[in-house]
Amino acid sequence: MTPVYILIIGVILIVGNYISKHWRKWWYRNDINVPAPATKRTDLYYGYFGCLFDQVAETRDHVNLLNEAQFEGPERAARNIVAAGVDCMLCLTPQLLQRINGAQNTVRADAQASLFGFFRFLSDAGALKHVKFLTPVDEPNNNMESVEELSKAVVVIKAVAKFFPELDDVKLYAIYAADKDFMGKEMFDLVGFDDYDMKSNVLVGKGYKDLKATLRPHQRTILVPGGCYGQDPTPFVNFAQANQEVAMVLPFLWLDDQWGTVGVPGIRSGSLRSAYVNAGKSIIN
C-alpha cells in the first residue's frame, strides 16, 4: 500500500470519527418553534440543576425551585435550602450510595442509618420542610450498577421518609441519560432526561414521545434544557406552559463547573444569562 493510500485512509477514518460524534449537533442545530400559549399555567416549577457558591442569591429573583445536589456538603446544602426558602429537589447520593473499586454505585450497608441521620439534621436545621422531591442519584442509567440496586435505594428512601412528617407528601424523581434505557422509571413520580445535542427538537422527538406515552397516571415530566450549551429556553418554557404533563423546567446549569466535566461556563457566565433569567421570571411571575 502506497503512502498516498495510507494518507487517504487515515483522513477518511478521522473524518468518519468526527462525523459519528458530531452529526447530531449539526442535524439538530436549529431550534423548533413552539408558540406561547394564550393562557399561562400557575403550577410550573423553574430552577437550575445543582447549586454552588452564591447561586441562591444570584437566582433568587427568577426561580421557585432549588435543586440541591450537596456539591459543597450537607451543611452547606442545609443552609442553601433554608436561605432559598422555596421547594427543594434533593439528591441523596452521599448518604445512600457507594462506589467500590471504581465500579458503578451500589447501596451502602448503612444507608438507612445514614439517611435517617441526614434527615434528622435537615429537620433540626429547619430545612427538611422545604424538601418536596428526592432522588437517589443523577442519571441512574449511567450511575447505578443495576435496576435492583436502584430499587434498593428507593426502598430505603421511602422507609426512612416515613419517620419525618415534613416528608409526608414527598415525591421521587429521576433524570436519565437519553442514550440508555430508563431503567426503573416506574418507581418515580417525576421523570426527565437530558439530550443536549438535540436542542429543543427533543420536545418533539421519539424519546419524549415514548416517555409521555408510557407515563403512569401519577407521573409527570421534567424538561432539561442545556442552557450552558447554548440552548434557547423559549421553546422549553412555551412547551411546558402548553403541556400539563410537564411539572418543571430544570435548566443545566447555572453554576460554573469546578470539576472540568461540563466543559463550558455555566449560564451565569454565558451569553444566554438574560434569556434564562427572563424565562424564569415568565414562569414564577
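A polar contact is a pair of N or O atoms within 3.5 Å; within protein, one must be able to donate a hydrogen and the other to accept it, and residues adjacent in sequence count only if both atoms are side-chain atoms. We're working on a predicted model, where local features need pLDDT of at least 70 and side-chain atom pairs count only at pLDDT 80 or more, while totals for chains, interfaces and linings use all residues. Residues are numbered from 1 along each chain as its sequence is written, and side-chain values use heavy atoms, with hydrogens and water left out.

**Exercise 1.** Find the polar partners of the Asn 143 side chain.

*Solution.* 
- Step 1: look in helix α6 (residues 140-143), where Asn 143 is found. Helices are DSSP runs (H or I, at least four residues) and strands are too (E, at least two), numbered from the N terminus.
- Step 2: go to the side chain of Arg 99, a polar contact at 3.2 Å.
- Step 3: The Asn 143 side chain gets to the backbone oxygen of Asp 138 at 2.6 Å.

**Exercise 2.** Work out the strand order of the open sheet.

*Solution.* 
- Step 1: strands pair if DSSP finds at least two bridges between them.
- Step 2: reading across the 8 strands gives β1-β10-β9-β8-β7-β6-β3-β2, with parallel pairing.
- Step 3: β1 (45-46) and β2 (65-68) are the edges, each pairing on one side only.
- Step 4: zoom in on β6 (residues 131-135) and β7 (residues 171-177), joined by 2 bridges. Here Leu 134 sits opposite Leu 172 of β7.
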